[in-house]
Amino acid sequence: MHNRFVVSWSGGKDSCFATILAIEQGLQPAVLVNVLNEEGQISRSHGIPIAILKKQAEAIGLPLHLVSSSWSDYQPNFINALTYLKNEYKLDHAVFGDIDLQAHRDWEEMVCQQAGLSARLPLWKMERKALVLQMLEGGLETMIVSCNKTMGEAYLGKILTPQLVQELEEKGIDPCGENGEFHTLVTNCSLFKSPIQVIVTGTQQHNDYWFASLQ
């Protein structure tokens, strides 16, 4: 066993902190994997441009494997990517940033089993607010880059702070965004050699979600 792992890297706080904890547990990161939209320009879930994902990977010092996919082909494409990366990088595990959604864990364990990997979820069952505060206390800097209509576009580009966590909680919004209320982009953390610079140039709405235009 090499204890080498691939990270299902969204670019956001949860996958980043899961990576940090996996390393603390003695595992060795080898590669990041991210699924893009069909056009291959932005990440599937968070709407982060390729150039920024590459900046993050460069700051960490790991290769980034990108997969373009529709939602309908997501599962087979993800399994194929994991299988390829397992062989290419001699991997044992895949690390995910999910916290307590059992359906997500079930899916991750299923795709990993098909790829011959073990699914590792270092954040699993951690209390959500305590977890996000632990991230911030550990020096993780992260920006809200997408959110639902209930939150509204005014939150796009805001840096997550303990004060903002409290504000979100008072509005009935999960402080981790685990229910899909918002997604984040990490601009600095203990993994990064140096912070990455990101500018919000505008906002756009797709269905019930707002997304920041980033460069």
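1. Phenylalanine 192 sits in the loop that links strand S7 (182–188) and strand S8 (200–206). Helices (H or I, at least four residues) and strands (E, at least two) are DSSP runs, numbered from the N terminus. This is a predicted model, in which local features need pLDDT of at least 70 and side-chain atom pairs count only at pLDDT 80 or more, while totals for chains, interfaces and linings use all residues. Residues are numbered from 1 along each chain as its sequence is written, and side-chain values use heavy atoms, with hydrogens and water left out.

2. Is phenylalanine 192 buried or exposed? Its relative accessible area is 7%, so phenylalanine 192 is buried (buried means under 20% relative accessible area, exposed over 50%, partly exposed in between, with a 1.4 Å probe and protein chains only). Leaving aside neighbours within four places in sequence, phenylalanine 192 is in contact with Gln56, Ala59, Ile60, Val186 and Thr187, where contact means heavy atoms within 4.5 Å.

3. On to the helix pairs. Two packed helices are described by the angle between their axes and the distance between the axes. The axes of helix H3 (residues 74–89) and helix H4 (residues 102–115) come within 8 Å and cross at roughly 50°; axes are lines fitted to C-alpha atoms, for helices over the stretch in contact, and angles run from 0 to 180 degrees between N-to-C directions. H3 and H4 are therefore oblique to each other (angles under 35 degrees count as roughly parallel, over 145 as roughly antiparallel, 65 to 115 as roughly perpendicular and the rest as oblique). H3 contributes Tyr74, Gln75, Phe78, Ile79, Leu82, Thr83 and Lys86 to the contact, and H4 contributes Trp107, Met110, Val111, Cys112, Gln114 and Ala115. By class, the contact of H3 with H4 has nine nonpolar, three polar and one charged residues; Ala, Val, Leu, Ile, Met, Phe, Trp, Tyr, Cys and Pro count as nonpolar, Asp, Glu, Lys and Arg as charged, and the others, Gly among them, as polar.

4. For helix H1 (residues 13–24) and helix H5 (residues 128–137), the axes come within 11 Å and cross at roughly 70°. That makes H1 roughly perpendicular to H5. Lys13, Asp14 and Phe17 in H1 meet Leu131, Val132, Gln134 and Met135 in H5. The class count for this contact is four nonpolar, one polar and two charged residues.

5. How many disulfides are there? The count comes to zero, a disulfide being a pair of cysteine sulfur atoms within 2.5 Å. The sulfur of cysteine 189 is 3.5 Å from its closest cysteine sulfur, in cysteine 16, which is too far for a bond. For cysteine 112, the closest cysteine sulfur is also in cysteine 16, at 19 Å, again too far. Cysteine 189 counts as buried at 6% relative accessibility, and cysteine 112 counts as buried at 0%.

6. Finally, two backbone points. Most residues other than glycine have a negative phi. Lysine 90, in the loop between H3 and strand S4 (93–95), has a positive phi near 55°. Asparagine 207, in the loop between S8 and strand S9 (209–214), has a positive phi near 55° too. Lysine 90 counts as exposed at 55% relative accessibility, and asparagine 207 is exposed at 73%.
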